[in-house]
Amino acid sequence: MKSFILAAGLALTASIASADGIVSYTTDDSFEDVVFGLENAILDQGLVIDGTSHVGDMLERTKADVGSDVTIFTHADVYSFCSANLSRKVMEADPMNIRFCPYDIFVAQLPDDDGKTIIGYRTFPEGPMQEVQALLDTIARSAIGME
């Protein structure tokens, strides 16, 4: 019953966040565990991580340079990757779907969030890009054990 309640709470978080163009899941897992899970979930799909943007580190490193003293994230990384098969499919349907490639999933911790970790991605428009969104959802959920 506890896992059902946890999964229901995570799904609710995703539904609420989806209204803002973002789907996200929150977990008690450590940032490092979620990153490890994400890397493995991407590789398990037969995909290659093209790059990792260390957004949290950059914002922290440059905050004084831009006149701020606010720490936005304890940790925050964005993982970029692509699927040749799926990208071809969605771009054959509409070449302007190029604007969505590569695909990104973020992992973040906020400073005052009791060590909770957020994983998520931006939503995509109706039509062929929903297949990409389904892939990102599968990967994000797999990363935190919600398969």
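View 1. Leaving aside neighbours within four places in sequence, Val132 touches Leu86, Val90, Tyr103 and Phe124, where contact means heavy atoms within 4.5 Å. Val132 belongs to helix α5; helices here are DSSP runs of H or I with at least four residues, strands are runs of E with at least two, and both are numbered from the N terminus. At 0% relative accessibility, Val132 counts as buried; buried means under 20% relative accessible area, exposed over 50% and partly exposed in between, with a 1.4 Å probe and protein chains only. Cys82 sits 50 residues away along the chain, with 9.7 Å between its C-alpha atom and that of Val132. A word on the model: it is predicted, so local features need pLDDT of at least 70 and side-chain atom pairs count only at pLDDT 80 or more, while totals for chains, interfaces and linings use all residues. Residues are numbered from 1 along each chain as its sequence is written, and side-chain values use heavy atoms, with hydrogens and water left out.

**View 2**

**View 3. The open sheet.** Five strands line up as β1-β5-β4-β3-β2, with antiparallel pairing; two strands pair if DSSP finds at least two bridges between them. The edges belong to β1 (22-27) and β2 (48-53), each with a single partner strand, so one side of each is left without a neighbour in the sheet. On average, neighbouring strands are turned by 20° against each other, direction ignored; the axes behind that angle are lines fitted to C-alpha atoms, for helices over the stretch in contact, and angles run from 0 to 180 degrees between N-to-C directions.

**View 4. Bridges across the strands.** Start with β2 and β3, which pair in the antiparallel sense over five bridges. Here Ile49 stands opposite Phe81 of β3. Next, seven bridges join β3 to the antiparallel β4, and Asp77 has Val107 in β4 as its bridge partner.

**View 5. Gln109 in strand β4.** Beyond its neighbours within four places in sequence, its contacts are Phe31, Phe73, Thr74, His75, Gly115, Lys116 and Thr117.

**View 6. Two loops to check for backbone geometry.** In the loop between α4 and β4 sits Pro102, and the peptide bond from Cys101 to Pro102 is cis, with omega near 0°. The loop between β4 and β5 holds Asp114. Asp114 has a positive phi, near 50°, in a residue other than glycine, and is exposed, with a relative accessible area of 74%.

**View 7. Glu92 on helix α4.** Glu92 lies in α4 and is exposed, at a relative accessible area of 58%. Between the C-alpha atoms of Glu92 and Pro128 there are 9.7 Å, with the two residues 36 apart along the chain.

**View 8. The cavity.** How many cavities of 30 Å³ or more does a search of the whole structure find? One turns up. The largest cavity has a volume of about 30 Å³ and is lined by Gly56, Leu59, Glu60, Val70, Thr71, Ile72 and Phe73. On a 1 Å grid over the protein atoms alone, a cavity is a set of points where a 1.4 Å probe fits but cannot get out, and lining residues have an atom within 4 Å of a point. Grid points are joined across faces, edges and corners, and the volume is the space filled by probe spheres set on the points.

Note on methods:
1 Å grid on protein atoms, 1.4 Å probe; cavity = no way out; pocket = protein on both sides within 12 Å on 5 of 7 lines; lining within 4 Å.
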